[in-house]
Protein chains: 2
Amino acid sequence: MDVKIVDVAMIAGVSPATVSRVLNHTSKVSARTRDKVMRAIEELGYHPNAAAKNLRSQRTMTIGVIVPDINNSYFAEIIKGIENIAYAQHYKIIICDTQNQKEREAEYLNLLLDRTIDGAIILTPLVEDQELIELADKGYRLGVVGKYVKHDQVPCIYTDNVKFSQEVVQHLVDQGHRDIVFLSGYADAVDSYERLEGYLKALRSHHIPFRPELVENGNFNEQGGYEAMKRLFEKRLSFTAVYAANDEMALGVYQACAEYGMRIPDQLAVVGVDNNRISRYIQPTLSSVDQPKYTMGAILAEKLIDMMNHNEFAHQRVFRIDSTLLIRESSAYQRKS
Amino acid sequence: MDVKIVDVAMIAGVSPATVSRVLNHTSKVSARTRDKVMRAIEELGYHPNAAAKNLRSQRTMTIGVIVPDINNSYFAEIIKGIENIAYAQHYKIIICDTQNQKEREAEYLNLLLDRTIDGAIILTPLVEDQELIELADKGYRLGVVGKYVKHDQVPCIYTDNVKFSQEVVQHLVDQGHRDIVFLSGYADAVDSYERLEGYLKALRSHHIPFRPELVENGNFNEQGGYEAMKRLFEKRLSFTAVYAANDEMALGVYQACAEYGMRIPDQLAVVGVDNNRISRYIQPTLSSVDQPKYTMGAILAEKLIDMMNHNEFAHQRVFRIDSTLLIRESSAYQRKS
DNA sequence: CTGATTTATGAAATCGATTTCACATTTGGG
DNA sequence: CCCAAATGTGAAATCGATTTCATAAATCAG
């Protein structure tokens with residue numbers, strides 16, 4: 001049914017090899033034959049079969065992007081960055097949404113093994129580093145956004161969680177807060193424990209004693225943040241500020257505050273992370289840490305593609321990117337001490 | 001370097017054909033040989049090469065999803081619906097973000113022609129129906145979300161733009177408005193002109209004369225909505241309500257209102273479409289038309305996969321889904337007449 | 001126990017491109 | 001004007017699976 005390379009060759013009066021050469025510019029072809037071939041291709045509406053091409057050339061020009069949740073502007077922005085670079089370099093991307101399930105992530109990594117994709121970019125991986133390292137050891141190409149992975153063939157890009165968490169706490173302390181809640185995501189995520197670490201460091205440097213009861217887990221989503229906050233209110237603990245490990249949970253904090261009649265920011269200051277689009281629209285506007293998402297995606301894609309094309313590894317492969325604390329209304333109230 | 005089916009066959013002491021049979025359950029294999037084969041596969045860590053498989057079997061078990069902008073929760077939700085169905089049916093999906101460029105959309109449709117994908121789902125296509133129809137005529141499998149396409153091999157699902165637009169206008173009229181702005185997206189998008197059509201119909205049925213100067217184009221994004229609104233304010237036209245063809249543009253309206261000191265909803269009522277997540281968080285909360293996005297994606301994927309699997313076309317292929325007008329604060333102010 | 005049927009397996013063809021190798025034809029240097 | 005190098009092209013091998021066809025072995029009916 002479909003038209004194949006031999007059909008084109010037949011019409012053009014040349015061999016399939018020559019047609020291939022014309023299409024791939026892989027060796028010199030005289031202007032006359034190139035012409036004949038192009039005309040034949042046009043006439044027949046020929047499109048090279050991708051599977052055959054992939055099989056013979058041992059590459060698919062496809063990158064898999066493994067993401068916990070595409071309906072989250074943080075990831076969507078990163079993907080945009082990846083997609084634009086990939087498109088420019090004639091790579092396709094397969095987006096794999098794991099819906100935050102570790103086993104789906106593992107399953108999608110199999111696309112590397114069966115050679116459906118030439119390489120994979122993983123956004124904040126759920127699987128253990130060890131697994132990624134083993135893949136890289138076997139020569140599979142992968143890159144990581146949002147986490148540092150120790151393997152000299154794995155490019156990665158991330159923001160320094162510890163550092164910006166310290167900045168957040170510093171800011172809250174400057175505003176006169178000492179009793180600061182930390183809302184964490186799932187415990188085994190880097191983003192959780194590193195942000196916690198920064199929080200603890202900052203407390204220490206201000207000689208503020210750590211109160212473990214002020215740390216709660218909100219699973220990185222709005223519902224979780226809401227419930228965590230409710231638990232804190234119910235325990236009647238004293239605190240004047242909340243540092244939520246992402247904006248989603250901060251939204252849950254807003255909701256709980258509305259329910260319990262707490263005013264933001266004068267009764268409770270709130271800071272989140274991700275600079276989710278909503279944080280600019282909600283009332284009061286939400287202070288948040290902004291990461292250059294698009295750029296992160298673009299840089300990593302660039303690097304990975306570079307490695308895949310030249311089959312060598314890059315001079316620089318670890319990128320630690322600076323993030324910016326955006327101070328908005330939710331933390332702009334200065335407490336008298 | 002990689003382990004191939006012959007290697008497995010060698011170790012298991014059988015022929016490649018038998019290994020293939022074990023893997024694909026394509027004909028009876030004795031328990032003993034199945035065992036040997038499975039052990040060999042395990043031992044060698046064998047993964048069938050996708051390209052070879054695709055080439056021989058003439059299918060890739062992959063669906064392309066072509067979308068104007070993944071960083072838009074409307075599309076992201078639809079994709080979620082598609083992804084979940086696809087995953088359950090062992091299909092992979094390739095997400096292609098066209099960034100609203102017609103030529104990219106066309107380029108991505110080539111994935112059908114070169115057999116990279118078995119079928120495509122297009123979310124609110126930019127290309128002409130004619131092009132899609134031609135593809136379908138040639139036997140390529142495709143489905144459409146957000147638009148009706150007249151071809152008995154193309155399943156499609158959409159909400160009735162004309163109908164819900166009439167509802168929106170009806171609601172605004174009920175609130176005492178007669179001078180209602182319509183903010184359109186790009187003119188050649190179905191969603192634009194059908195929503196305009198509903199707007200016009202509603203006006204007619206209320207014997208409200210149509211004022212062409214109250215129709216502006218905002219390109220479906222926030223910036224466009226903002227600029228369109230500014231133009232209207234600058235012209236000093238009289239109006240008391242805005243129907244924006246999507247929520248993004250409605251956000252632009254909010255921005256313009258803030259700048260021009262217009263209060264929503266008492267000086268200006270606003271209604272949008274899509275029930276973007278932000279519409280619940282912004283102040284005042286934004287009235288909007290909600291479409292069952294996830295479900296739309298899921299139904300269409302189900303249908304398309306069904307057609308691909310059984311290679312026959314479905315009994316029902318056109319789905320017109322009901323949408324719901326959610327009335328929130330931005331249009332809840334009753335004008336005295 | 002014999003011939004017919006079923007079951008389990010292997011050899012070889014096949015999917016549709018790319019690439020190697022060989023060879024004929026030009027081109028160019030002296 | 002002749003031989004060496006460069007250029008352009010085709011035949012055939014190849015990528016790694018699936019599938020057809022043939023056949024040996026096992027089962028069954030009478």
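Visitor: Before we start, what is a salt bridge here?

Guide: A side-chain nitrogen of Lys or Arg within 4 Å of a carboxyl oxygen of Asp or Glu. Keep in mind that this is a predicted model.

Visitor: Fine. Which salt bridge involves A:D290?

Guide: A:D290 pairs with A:K293. Their side chains meet at 3.6 Å, N to O.

Visitor: Why would two such side chains pair at all?

Guide: Opposite charges can pair when the charged atoms come close.

Visitor: How is chain A divided into domains?

Guide: The assignment gives three stretches of chain A. Domain 1 covers 5–48. Domain 2 is 61–159 + 293–321. Domain 3 is 161–290 + 325–331.

Visitor: How many residues from domain 2 of chain A and domain 3 of chain A make the contact?

Guide: Domain 2 of chain A gives 9 residues and domain 3 of chain A gives 11 residues.

Visitor: What separates the centres of those two domains?

Guide: For domain 2 and domain 3 of chain A, 29 Å, taken over C-alpha atoms.

Visitor: And how much area do domain 2 and domain 3 of chain A bury between them?

Guide: About 720 Å². Carbon and sulfur atoms carry 37% of that.

Visitor: How many salt bridges and polar contacts are there between domain 2 and domain 3 of chain A?

Guide: The count is 1 salt bridge. There are also 3 residue pairs in polar contact, both residues at pLDDT 80 or more. On the side of domain 2 of chain A that touches domain 3 of chain A, the classes are 1 nonpolar, 5 polar and 3 charged residues.

Visitor: Let's move to the two protein chains. How much do chain B and chain A bury?

Guide: About 4400 Å² between them, with 54% of it on carbon and sulfur atoms. On chain B's side, B:K80, B:Y87 and B:Y281 supply 14% of the area buried against chain A, more than any other three residues.

Visitor: How many residues does each of those chains put into the contact?

Guide: Chain B gives 47 residues and chain A gives 47 residues.

Visitor: How many salt bridges cross the interface of chain B and chain A?

Guide: The rule finds 12 salt bridges there. One of the pairs is B:E222 with A:R277, at 2.9 Å, N to O. The count over all chains comes to 36.

Visitor: What does A:D69 pair with?

Guide: With B:K80, side chain to side chain, at 2.8 Å, N to O. That pair crosses between chains. A:D69 sits in the loop between β1 (62–67) and α5 (73–88) of chain A, while B:K80 is in helix α5 of chain B.

Visitor: How many residue pairs are in polar contact between chain B and chain A?

Guide: 26 residue pairs, both residues at pLDDT 80 or more.

Visitor: Which elements of chain B touch chain A?

Guide: Those giving two or more residues are α4, α5 (73–88), β2 (92–97), α6 (102–113) and α11 (247–260) of chain B. α5(B) gives the most, with 8 residues. By class, this side of chain B divides into 21 nonpolar, 11 polar and 15 charged residues.

Visitor: New topic, DNA. Which residues come nearest to DNA strand D?

Guide: A:T18, A:R21, A:K28, A:R56 and B:I5, out of 28 residues around DNA strand D. Sugar and phosphate make up 66% of the atoms of DNA strand D that come within 4 Å of the protein.

Visitor: What does the side chain of A:R21 lie by on DNA strand D?

Guide: A base nitrogen, 2.6 Å from an N or O atom in that side chain.

Visitor: Which atoms of A:S30 and B:Y46 lie by phosphate oxygens of DNA strand D?

Guide: For A:S30, a backbone N or O atom lies 2.9 Å from a phosphate oxygen. For B:Y46, a polar side-chain atom lies 3.0 Å from a phosphate oxygen.

Visitor: Which elements each supply at least two residues of the surface near DNA strand D?

Guide: α2 (16–24) and α4 (50–57) of chain A, together with α2 (16–24) and α4 (50–57) of chain B. The surface near DNA strand D divides into 10 nonpolar, 11 polar and 7 charged residues.

Visitor: And which residues are closest to DNA strand C?

Guide: A:I5, A:S20, B:T18, B:R21 and B:R56, with 28 residues surrounding DNA strand C.

Visitor: Where does the side chain of B:R21 meet DNA strand C?

Guide: At a base nitrogen, 2.6 Å from an N or O atom of the B:R21 side chain. Backbone atoms come in too. A polar backbone atom of B:S15 is 2.8 Å from a phosphate oxygen of DNA strand C. A backbone N or O atom of A:N49 lies 2.9 Å from a phosphate oxygen of DNA strand C.

Terms used
Residues numbered from 1 in each chain as written. Chains lettered and ligands numbered in written order. Predicted model: local features only at pLDDT ≥ 70, side-chain atom pairs only at ≥ 80, totals over all residues. Heavy atoms only, no water. Domains from an automatic or database assignment. Contact = heavy atoms within 4.5 Å. Buried area = accessible area lost by both parts, 1.4 Å probe. Polar contact = N/O pair within 3.5 Å; in protein donor to acceptor, adjacent residues only side chain to side chain. Nonpolar A, V, L, I, M, F, W, Y, C, P; charged D, E, K, R; others polar. Near = heavy atom within 4 Å. Helix = DSSP H or I, 4+ residues; strand = E, 2+ residues; numbered from the N terminus.
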